[in-house]
Amino acid sequence: MVAAIAYEESRRKRVEENRKRMEALNLPLLSQALHKSPSPKSSPLKQVKNRTIQKELVVVRRSSRVANLPTPVYKEVVVDRVTIPRRTLGRPYNRHRDYANRVYASDEAREEALEKAETLMSGLESEHPAFIKSMLQSHISGGFWLGLPVHFCKSNLPKGDEVMTLIDEDGNEYPTIYLARKTGLSGGWKGFAVGHDLADGDAVIFQLIKHTAFKVYIIRANSPPEDK
């Protein structure tokens, strides 16, 4: 019993001494100040700031080897293309493929050639059907395609593709390819047109003398006037 009283007295003295030490160091006031202080602010390092990107013009450093040379200028330059005339089978380039030098017949010359062709066709044998084609640039240059009258083809020419022979006034024969669906002459027509130097405005009579053969007559648009 005496020991317990002694221990309690000793503990009370220690608590009293500790209280006096805390008061001497102002620890109670510091503790209250910590409890009342606001929450700490976030570190400035953690705050996200909007970055401002600044653009500056800088001089690009050039190699010392070219530093004293003028700055190159890059621009589009139009270069004239060099064209080489085409040659076929050793023959010189012919004027029928020189599109820049095309010669067009006048309306008067074309009409005159057509009138002469109609007069000539009226004197041909009537049992052989015939028609007249006035030559255009597309017939005698470039693609060399000759479209024939559809009604004539449907009535008189083969129903399928066929080899049609063109016979000129001298009796020379020129095989050509007739395309039934397109009603025109394709392969071989170029050889006939070039061989006879056909020009814009010429009137050409096609007389069907056989199932797959035309007798061909040519009236020139720029032919010299006939002597009276």
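Ala-203 stands opposite Ile-219 in strand E7. Strands (E, at least two residues) and helices (H or I, at least four) are DSSP runs, numbered from the N terminus. The model is predicted: local features need pLDDT of at least 70, side-chain atom pairs count only at pLDDT 80 or more, and totals for chains, interfaces and linings use all residues. Residues are numbered from 1 along each chain as its sequence is written, and side-chain values use heavy atoms, with hydrogens and water left out.

Strand E6 covers residues 203-210, and strand E7 covers residues 213-219. The two pair in the antiparallel sense over 7 bridges. Two strands count as paired if DSSP finds at least two bridges between them. Val-204 stands opposite Ile-218 in E7. E6 and E7 form a hairpin, with 2 residues between them. E6 also pairs with E1 in the antiparallel sense, over 5 bridges. Here Val-204 of E6 is the bridge partner of Lys-133. Of the 8 residues of E6, 6 are buried, so this strand is largely enclosed by the rest of the structure. Buried means under 20% relative accessible area, exposed means over 50%, and partly exposed lies in between (1.4 Å probe, protein chains only).

These strands belong to an open sheet of 7 strands. Its order is E1-E6-E7-E3-E4-E5-E2, and the pairing is mixed. Strand E1 (130-134) and strand E2 (146-147) stand at the edges. Each has a single partner strand, so one side of each is left without a neighbour in the sheet. Helix H3 (residues 107-122) packs on the sheet and touches E1, E6 and E7. Contact means heavy atoms within 4.5 Å. The direction of H3 makes about 170° with that of E1. Axes are lines fitted to C-alpha atoms, for helices over the stretch in contact, and angles run from 0 to 180 degrees between N-to-C directions.

Aromatic rings were examined next. A pair of aromatic rings is described by the distance of the centres and the angle of the planes. Rings of Phe, Tyr and Trp (its six-membered ring) pair if their centres lie within 6.5 Å; planes under 30 degrees apart count as stacked, over 60 as edge-to-face and the rest as tilted. A search of the whole structure finds 8 aromatic pairs. The rings of Phe-131 and Phe-214 have centres 5.9 Å apart and planes at 90°, so this pair is edge-to-face. Phe-131 lies in strand E1 and Phe-214 in strand E7, so the pair ties together parts that are 83 residues apart in sequence. Both Phe-131 and Phe-214 are buried. Ring pairs link Phe-131, Phe-152, Tyr-174, Trp-189, Phe-192, Phe-206 and Phe-214 into a cluster.

His-139 is found in helix H4 (residues 137-140). His-139 is buried, with a relative accessible area of 6%. Leaving aside neighbours within four places in sequence, its contacts include Lys-133, Trp-145 and Trp-189.

Backbone angles complete the description. Most residues other than glycine have a negative phi. Thr-183 has a positive phi, near 45°. Thr-183 sits in the loop between strand E4 (173-179) and strand E5 (184-185). At 9% relative accessibility, Thr-183 counts as buried. Asp-197 also has a positive phi, near 50°. Its place is in the loop between helix H6 (189-195) and E6. Asp-197 is partly exposed, with a relative accessible area of 38%.
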